[in-house]
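Colleague: Could you take me through a close look at one part of this model, the salt bridges, and then follow them into what surrounds them? I would enjoy a connected account that I can trace on screen.

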Amino acid sequence: MLMKISPALFSSSRVSWVRGFLKKSTPSTDRENSDALEILADAPYDCEPIEVARYFESLTRVSPEIESFPYNAEWPGDRENPVIIAFFAMATSSTENTADQTPWCAAFMNWCMMRAGYAGTYSTSSGTFRCLGSETDAPRTGNVAVFNRMDSHENCSGFGHVAFFLEDLRLTVKVLGGNQSNRIKESIYWKLANCASVNDDNCQNFSLHSVRELQRP
């Protein structure tokens, strides 16, 4: 049974802590950090988690320092998007190795769920979502699609991907998630991995594990 998240996660004291964390942990500027906190504060809440994801997908705001750096995508080079860093800081148990190039699909999913009032897994591992909610054979928009990497077969942990289910296209599935081509967007993935090796970068090295239905808190 999923429990409703306490609003303390987004209390003024928590936001102050995140502001301090961003200041000391990222190369982003104070202005960019302030932008990030405003963007997070403006996200919808007490709604369906996918509505939170749609908010981030539709963001058009960019860094005031470098206009080619949108706040809903990874930033190149040694710059780090403070919005993505805040996903880790606010919605997972990890505050280490959380550069925006670190796989962040699970951090994004957890943030969307917690902002909407649902309990997530509080983990940076997409595999933890293999045990969240209940598997459904009749998926609907907003369910959670969980993928497992070819070499990751753990029950409730491990590597792969997690995103919001949008549509079943027979051999493929359309999803909305974070860290999809390094940004928050819709993508279409094969249901089955099509790589000869997990280290092959020119193919898809994960398969659809299950689509999970969330219970309202």
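Modeller: Let's begin where the side chains of R79 and E32 meet in a salt bridge, 2.6 Å from N to O. The term stands for a side-chain nitrogen of Lys or Arg within 4 Å of a carboxyl oxygen of Asp or Glu. R79 sits in the loop between α3 (49–57) and α4 (82–91), while E32 belongs to helix α2, so the pair ties together parts that are 47 residues apart in sequence. Helices here are DSSP runs of H or I with at least four residues, strands are runs of E with at least two, and both are numbered from the N terminus. R79 is buried, at a relative accessible area of 15%, and E32 is buried as well, at 0%. Buried means under 20% relative accessible area, exposed means over 50%, and partly exposed lies in between (1.4 Å probe, protein chains only).

A word on the source: this is a predicted model, in which local features need pLDDT of at least 70 and side-chain atom pairs count only at pLDDT 80 or more, while totals for chains, interfaces and linings use all residues. Residues are numbered from 1 along each chain as its sequence is written, and side-chain values use heavy atoms, with hydrogens and water left out.

Across the whole structure, a search finds ten salt bridges. One of them joins R54 and E186, with the closest N and O atoms 2.8 Å apart. This pair links distant parts of the chain, R54 in helix α3 and E186 in strand β5, 132 residues apart. R54 is partly exposed, at 31% relative accessible area, and E186 is partly exposed, at 31%. Then there is E154 with R130, where the closest N and O atoms are 3.9 Å apart. E154 lies in the loop between β2 and β3, and R130 in the loop between α5 (105–116) and β1 (134–135), so this pair connects parts that are 24 residues apart in sequence. E154 counts as partly exposed at 36%, whereas R130 is buried at 3%. D35, E38 and R61 are also linked in a network of salt bridges.

Back to α2, the helix that carries E32. Helix α2 (residues 30–41) has twelve residues and reaches 17 Å from its first C-alpha to its last, close to the 16 Å expected at 1.5 Å a residue; that expected span is 1.5 Å times one less than the number of residues. Its buried residues are E32, N33, D35, A36, L37, I39 and L40.

Leaving aside neighbours within four places in sequence, L40 is in contact with F56, V83, A86, F87, M90, W111 and R115, contact meaning heavy atoms within 4.5 Å. The largest nonpolar core has 49 residues, and those with the most contacts inside it are L40, F56, F87, W111 and F129. Such a core is a set of buried Ala, Val, Leu, Ile, Met, Phe, Trp, Tyr and Cys residues joined through side-chain atoms within 4.5 Å. Helix α5 gives the most to this core, with ten residues.

Ring pairs link Y55, F56, F87, W104, F108 and W111 into a cluster. Rings of Phe, Tyr and Trp (its six-membered ring) pair if their centres lie within 6.5 Å, with planes under 30 degrees apart counted as stacked, over 60 as edge-to-face and the rest as tilted. The structure holds twelve aromatic pairs. Among them, W104 and F108 are edge-to-face, 6.5 Å centre to centre with 85 degrees between the planes. Both W104 and F108 are buried.

Finally, consider β5, the strand that holds E186. β4 and β5 pair in the antiparallel sense over seven bridges; two strands pair if DSSP finds at least two bridges between them. G177 stands opposite K185 in β5. In their hairpin, which has two residues between the strands, S181 takes a positive phi near 55 degrees. The bridge partner of F164 in β4 is L176. Seven of the nine residues of strand β4 (residues 172–180) are buried, so β4 is largely enclosed by the rest of the structure.
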